[in-house]
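Hi,

Here is the structure I promised to pass on to you. Have a look at it first, and then read my notes below.

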Amino acid sequence: MVPRPSDSSRTSERVRRIEPQRIRVMFDRAAALEADSNADPDLDLDLDLVHLEIGEPDFETPTHVVEAAHEAAAGGATNYTANAGILELREALSERIAEETGRRVDPASEISVTTGGVEAHHLAVHTVADPGDEIVVPTPAWPNSISQAELASAVPVQVPMPAAEGFAPDPERIVDAIGPETAAVVLTSPSNPTGRVFDADAIERVLEAAVDHEAYVLADEVYRALTYDATPPSVASVADREQREWVLTIDSVSKRYAMTGWRVGWISGPADVIGEIVKIRESSTSSVNAPAQYAALEALTGPREPFEAMRDAFGARREYVVDRLESIPELSAARPEGAFYAFVDVRALEGSSWEITERLLEEYGVVTAPGTAFGDGGEGYIRLSFANDLDRLEMGLDRLEAMVRAELESDPES
């Protein structure tokens with residue numbers, strides 16, 4: 001019998017380099033507590049955890065969208081589709097992109113439907129980056145932007161945004177990180193986890209530098225429809241004709257339409273790049289499941305009132321969370337302009353952000369994500385999601401405040 005090799009040699013080095021995302025680690029730890037009927041009695045949680053760690057709308061997918069998927073499946077839409085997605089959905093996406101950005105894209109050659117925005121990121125990085133190329137990622141950032149670069153054997157170059165300015169996008173820091181080895185720059189607007197947005201001037205500055213180095217801009221605009229003041233500009237709408245050849249825009253139905261589990265996203269950009277993305281989709285997921293594509297089509301073309309009501313609810317929750325955080329001693333968070341997260345400064349508390357989230361879970365029953373889950377510059381912060389109803393938000397923030405006051409009162413230096 002051939003001896004079994006050691007665990008360290010049974011998988012590829014690039015996979016071993018990827019650490020489990022700490023957002024999911026916290027989610028799994030909370031789930032384990034909830035599943036254990038014999039939870040430690042000293043924890044005093046009553047297993048009534050307040051989940052503020054996952055970025056998922058607490059709204060159900062509207063009925064008309066669900067019915068569209070049912071009707072499609074019942075009508076025989078249960079086979080493979082084109083790798084790029086059904087043409088009707090790509091046409092609807094082209095119309096929506098033109099409506100929102102003023103830029104029309106060819107549905108036949110410049111859009112590919114993907115298995116969520118996650119696959120769109122994955123395919124984009126593998127298409128534009130060779131091993132050793134650099135992917136510039138402003139941080140704090142969605143952790144997949146970093147891990148997907150590593151999975152492609154590219155080098156993520158993390159560029160911390162200034163914490164003293166509430167992590168406001170600083171285009172000059174990004175430009176300084178762009179060099180001859182840069183394959184792409186990731187611009188996520190609004191940001192996950194900070195909720196900050198890039199204005200047109202910042203986008204123009206980054207675009208100019210990226211194109212000068214023949215580097216792509218990967219525009220993650222998954223949260224762009226969930227903004228509460230002025231809608232930030234789309235990167236493609238700011239780009240001139242030449243620059244648009246270097247812009248790949250990623251979006252999905254997950255956040256804006258409360259459809260996270262349907263796994264439908266898309267990527268748009270120049271036809272030659274999208275053609276390569278469609279080609280390699282055959283080696284990943286081939287095509288998005290057909291009924292889900294028809295559900296996405298209905299979300300795009302059907303009544304908008306449910307989604308507008310959802311956005312208004314998130315806006316009201318943002319106001320509540322911002323006001324409430326301002327009332328808690330020693331805590332602060334930059335006002336999120338979009339998405340549904342607050343990135344909270346907890347540096348007044350003892351320990352790392354990971355240790356603070358652990359105490360908050362185990363002693364107070366609130367599940368959050370440590371700032372270190374979001375790359376360089378996240379230490380000393382925690383992310384909490386306000387994609388939860390006001391009653392649960394109030395309970396969670398009551399518990400957070402209780403922890404802060406208890407720990408500060410027990411600290412002789414506070």
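Let's start with Ala258, which counts as buried because its relative accessibility is 7%, and the cut-off for buried is under 20%. Please keep in mind throughout that this is a predicted model. You'll find Ala258 in the loop between β7 (247-252) and β8 (265-268). For background, most residues other than glycine have a negative phi, and most peptide bonds are trans.

Is Ser286 buried or exposed? With a relative accessible area of 17%, Ser286 is buried.

Now for the peptide bonds. The one from Thr139 to Pro140 is cis, with omega near 0 degrees, and Pro140 lies in the loop between β3 (134-139) and α6 (143-151). The bond from Ser189 to Pro190 is also cis, with omega near -5 degrees. Look for Pro190 in the loop between β5 (182-188) and α8 (200-212).

Next, a pair of helices. The axes of α14 (residues 353-364) and α15 (residues 390-410) come within 11 Å and cross at roughly 110 degrees. Angles of 65 to 115 degrees count as roughly perpendicular, so that is how α14 lies to α15. The crossing is right-handed. On the α14 side, the residues that meet α15 are Ile356, Arg359, Leu360 and Tyr364; their partners in α15 are Arg399, Leu400, Ala402, Met403, Ala406 and Glu407. Sorted by class, this contact has seven nonpolar and three charged residues, and no polar ones.

Finally, the inside. In soluble globular proteins, nonpolar side chains tend to be buried together. Here the largest nonpolar core has 33 residues, and among those with the most contacts inside it are Val321, Leu331, Phe340 and Leu400. Two or more residues each come from α13 (305-326), β10 (341-345), α14, β13 (381-385) and α15. Which element gives the most to this core? That's α15, with six residues.

Happy exploring!

Notes:
Residues are numbered from 1 along each chain as its sequence is written. This is a predicted model: local features need pLDDT of at least 70, side-chain atom pairs count only at pLDDT 80 or more; totals for chains, interfaces and linings use all residues. Side-chain values use heavy atoms; hydrogens and water are left out. Axes are lines fitted to C-alpha atoms, for helices over the stretch in contact, and angles run from 0 to 180 degrees between N-to-C directions. Helices (H or I, at least four residues) and strands (E, at least two) are DSSP runs, numbered from the N terminus. Angles under 35 degrees count as roughly parallel, over 145 as roughly antiparallel, 65 to 115 as roughly perpendicular and the rest as oblique. A crossing is left-handed if the near helix is turned anticlockwise from the far one by less than a right angle, and right-handed if clockwise. Contact means heavy atoms within 4.5 Å. Ala, Val, Leu, Ile, Met, Phe, Trp, Tyr, Cys and Pro count as nonpolar, Asp, Glu, Lys and Arg as charged, and the others, Gly among them, as polar. Buried means under 20% relative accessible area, exposed over 50%, partly exposed in between (1.4 Å probe, protein chains only). A nonpolar core is a set of buried Ala, Val, Leu, Ile, Met, Phe, Trp, Tyr and Cys residues joined through side-chain atoms within 4.5 Å.
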